[in-house]
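Here are a few notes to go with the structure below. Have a look at it first, then read the points in order.

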Amino acid sequence: MNMNNNDILIRLRYALDIKNTDMVEIFKLGDIEVTKEELLKILKKSKDSYQNEVGNDGDIDEDEENILCTNFMLESFLNGLIIFKRGKQDSKPGQPERPAMSIKDNGSVNNVLLKKLKIALSLTSEDMLEILEEAGVLITKGELSALLRKEGHKNYKVCGDRYARNFLKGLAIQYRD
């Protein structure tokens, strides 16, 4: 099953145990205004993935619409998470006020996710390898480095859903215990 941006946000929120009020605040730090009601629609699992995971316990409202989390929204959230976790950095003279968006297309979402989480959580490459190992994924430092490279670099490698999903799973194991 392919992960979409909504799945990523749901898993990230769970892994880091972020409260809804903090989620709204993080979006705001990333320059996106989201109400608590809108947030709940973004964090609502799509019917098929919901029923696969929990079975049907009747609290899914057929009429209510999900809000699709776009690449722009996801990256803005990740930028907000960096500010939320590490504080706002003053931009140096000549630097843009906000970072340029790095997600070019759906293929780079997972790479940007890993990079921004590494920054937000002040992780070293060793920490990241450990987190992946927690989830049962063993990769070399070189492979990780290829996933963290800038798109277009000769050693850049697209990060598949498997790595991203397991990284979020490993984060959950580390942060929720």
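Where is the place of S122?

1. S122 sits in the loop between α6 and α7 (125-134). Helices here are DSSP runs of H or I with at least four residues, strands are E runs of at least two, and both are numbered from the N terminus. Phi of S122 is positive, about 50 degrees, although S122 is not a glycine. Most residues other than glycine have a negative phi. S122 has a relative accessible area of 45%, so S122 is partly exposed (buried is under 20% relative accessible area, exposed over 50%, partly exposed in between, with a 1.4 Å probe and protein chains only).

2. Before going further, a word on what you're looking at: this is a predicted model, where local features need pLDDT of at least 70 and side-chain atom pairs count only at pLDDT 80 or more, while totals for chains, interfaces and linings use all residues. Residues are numbered from 1 along each chain as its sequence is written, and side-chain values use heavy atoms, with hydrogens and water left out.

3. D17 is another one to check for its phi, which is near 55 degrees, a positive value in a residue other than glycine. You'll find D17 in the loop between α1 and α2.

4. Now for a helix pair. The axes of α1 (residues 5-16) and α5 (residues 71-86) come within 10 Å and cross at roughly 20 degrees (axes are lines fitted to C-alpha atoms, for helices over the stretch in contact, and angles run from 0 to 180 degrees between N-to-C directions). That is why α1 and α5 are roughly parallel to each other (under 35 degrees is roughly parallel, over 145 roughly antiparallel, 65 to 115 roughly perpendicular, and the rest oblique). The crossing of α1 and α5 is left-handed, that is, the near helix is turned anticlockwise from the far one by less than a right angle; clockwise would be right-handed.

5. Who makes that contact? From α1 come N5, I8, L9, L12 and L16, and from α5 come N71, L74, F77, L78 and L81 (contact means heavy atoms within 4.5 Å). Eight of the residues in the contact of α1 with α5 are nonpolar, two are polar and none is charged (Ala, Val, Leu, Ile, Met, Phe, Trp, Tyr, Cys and Pro count as nonpolar, Asp, Glu, Lys and Arg as charged, and the others, Gly among them, as polar).

6. The structure holds one aromatic pair (rings of Phe, Tyr and Trp, the last by its six-membered ring, pair if their centres lie within 6.5 Å; planes under 30 degrees apart are stacked, over 60 edge-to-face, and the rest tilted). The ring centres of F27 and F77 are 4.9 Å apart and their planes stand at 55 degrees, so the pair is tilted. F27 belongs to helix α2 (residues 20-29) and F77 to helix α5, so the pair links distant parts of the chain, 50 residues apart. Both F27 and F77 are buried.

7. N111 is in helix α6 (residues 109-120) and is buried, at 1% relative accessible area. Beyond its neighbours within four places in sequence, N111 is in contact with L147, Y156, K157, V158 and C159.

8. S108 lies in the loop between α5 and α6; S108 is buried too, with a relative accessible area of 1%. Setting aside neighbours within four places in sequence, S108 is in contact with S102, I103, E151 and Y156.
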